[in-house]
Amino acid sequence: MTPASHSTPAKLATWFMRRTALNGVRRVAPLNAAIASDVGAVRQENQDRVAVVRGSDLTGSPFILAALADGIGGMKNGSECAAIALGTFIDCIATEAQHNLDPLRWMERACTQANMAVWSKHSGEGGSTLVAILLTTLGQPIWLSVGDSRVYQANGGNLLQLSRDDTLEGQLGKPIEGGRRSELLQFVGIGEALEPHVEYFPLDTNGTILLTTDGVHFVEQEFLARVVFHAPDIGLCAKRLTEVAKMLGGPDNASVVAISVEALQVDSDAPLDSTLEVWDPFGELQVLFERGSRDSAYSAKTTISPTKAVAERDTAVNPATTPSKPTNKGKQPKKSKSSKKPRQKDDITDANEDNPSEKPQLVIEFPRKTS
């Protein structure tokens, strides 16, 4: 078995931790999706991590995953925790998809593994939120939520919040008085007490699905609904949501995934090869693997573009693969942060133009598992 530092989750986490521009927007044209992230007007560091993923299950049928993690300020290394959570979550989804055809189980196991990976690094002293949607050919789409990032369904001029914030207000479903309203009841990295919300989308789901961090949805929901409704396409929808949040004060990092429900119509007659494709607001990644292999036994050969930002990391990311049994520290952190469609004119700026040294492609090749 290879060391954790050579595992796929650690490599994904390192990629999510690479140096990037302070903001970026990327259309994922094949999936009719868009991703945007902005540091905001107050914070010095962006601790949000967000991605859209396309892979295939053991039958060769494709799946689409969108996921977003918001590192918790006031705790240890929020950006690192978000990167570990997201990298572990994506890797576990891809691995589970190669071994069973139960997408609900993929989501539950992936969240559990992400939680334990973050806990093993910081023992409950660091954490992140996590929201995700999973689209497959195997049935209804599924959403997952931990913390106070959100899942929305936008249809016409209406915006419906599907997830429930893991705060007192969110769980009670009504405003409360006092200074404990924004404290998280649970987060990825809390330990064995984690109970993620995992549910199927309604059968009549249509329109656009959104994932947002609280740096976006601090804006009144009615106003967000208007922004979504008047956006002419999915890319401008994501871009405008982060821009509006910044114009209204930008008190926190703002990140969005917008994906059309048309993406739910996954073509089961066009199976993908063994490439896991990952997009974030600043670049894209391809992970090559052979069907039926398990990540924990991989011996990895990595080809990395000659980019100093990727090759020389200031912060080492090394989530353990076999953590000791976690314990619940009982933390209740406050959400405070430490300080390919043709492009239209005046439209989205590609992340690589903001950060020209960044080469978007990282290819990881894995040999077959030996018995």
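Colleague: What makes Leu 224, Ala 225, Val 227 and Val 228 of helix H6 (residues 221–230) count as buried?

Modeller: In this predicted model, where local features need pLDDT of at least 70, side-chain atom pairs count only at pLDDT 80 or more and totals for chains, interfaces and linings use all residues, these four are buried in H6, a term that means under 20% relative accessible area, with exposed over 50% and partly exposed in between (1.4 Å probe, protein chains only). Residues are numbered from 1 along each chain as its sequence is written, and side-chain values use heavy atoms, with hydrogens and water left out.

Colleague: Why are the buried residues of H6 said to line one face of the helix?

Modeller: Seen down the axis of H6, they fall within an arc of 160 degrees, so they line one face, the arc being that of the directions from the helix axis to the C-beta atoms. On the other side of H6, Glu 222 and His 230 are exposed.

Colleague: Which elements do the buried residues of H6 pack against?

Modeller: They pack against several elements, among them strand E7 (150–155) and helix H7 (234–247), where contact means heavy atoms within 4.5 Å.

Colleague: Why is H1 called oblique to H2?

Modeller: Helix H1 (residues 8–16) and H2 pack at an angle of about 135 degrees, with their axes 8 Å apart. That angle makes H1 oblique to H2, because angles under 35 degrees count as roughly parallel, over 145 as roughly antiparallel, 65 to 115 as roughly perpendicular and the rest as oblique.

Key. Axes fitted to C-alpha atoms, helices over the stretch in contact; angles between N-to-C directions. Helix = DSSP H or I, 4+ residues; strand = E, 2+ residues; numbered from the N terminus.
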